[in-house]
Amino acid sequence: FVIVSHAGLQNSIQRLRWLSLALVAVLLVTIFTLYMLAGDPAFGTAQYTLFFALYGLWAWCWVLTILGFGMRHLNFSTPSLQHANEAVLPFYILHQPVLLCVGYFVVRWTIPDLIKWAIIFPASFVIIVALYEFLVRRFNVMRILFGMKPLPKPAVIQT
């Protein structure tokens, strides 16, 4: 929330994206070297604290790197992106129950797990998209229940 609401912070993240990426590389080498020299640190030791502090810093540098490059290079809009952006919350709400329902039946089949995944993934995706397009997107009551703005009312032509 703080990053999104503060333009100066966003500019700094964009400007320092290469530094963040360099820190990712340096911290990765440092963490790997410490692990190779000292082994797996025991809980409660100074090595443990140092190792996980560096690991947390490394993770934050990754976040800043991804945000910086994303803010710099992914700042465009297309009609398909606008449509997908509107569908994010309903898709998120629908994905778990649909995945569970499809998976409930498919996991019982005596086929390899990879094939089960190859059936569950596209079948669930198609069902979620169909539910969104035909039951949520077109009706204002459903749009409001799924956290979307209502459709604009059509203009009335008076004669």
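Student: How are H2 and H4 oriented to each other?

Tutor: Two packed helices are described by the angle between their axes and the distance between them. In this predicted model, the axes of H2 (residues 7–15) and H4 (residues 46–73) come within 8 Å and cross at roughly 100°. H2 and H4 are therefore roughly perpendicular to each other; that label covers 65 to 115 degrees. Axes are lines fitted to C-alpha atoms over the stretch in contact, with angles from 0 to 180 degrees between N-to-C directions. Helices are DSSP runs (H or I) of at least four residues, numbered from the N terminus.

Student: Which residues make the contact?

Tutor: Contact means heavy atoms within 4.5 Å. H2 gives Gln-10, Ile-13 and Gln-14, and H4 gives Leu-64, Leu-67, Gly-68, Met-71 and Arg-72.

Student: Which residues of H3 are buried?

Tutor: Buried means under 20% relative accessible area and exposed over 50%, partly exposed in between (1.4 Å probe, protein chains only). Arg-17, Ser-20, Val-24, Leu-27 and Ile-31 of H3 are buried. Seen down the H3 axis, they fall within an arc of 80°, so they line one face of the helix; the arc is taken from the directions from the axis to the C-beta atoms. These buried residues pack against H2 and H4. The face turned away carries exposed Trp-18, Val-29, Met-36 and Leu-37.

Student: What should I know about the numbering and the model?

Tutor: Residues are numbered from 1 along each chain as its sequence is written. The model is predicted, so local features need pLDDT of at least 70, side-chain atom pairs count only at pLDDT 80 or more, totals for chains, interfaces and linings use all residues, and side-chain values use heavy atoms, leaving out hydrogens and water.

Technical notes: Helix = DSSP H or I, 4+ residues; strand = E, 2+ residues; numbered from the N terminus. Parallel < 35°, antiparallel > 145°, perpendicular 65-115°, else oblique.
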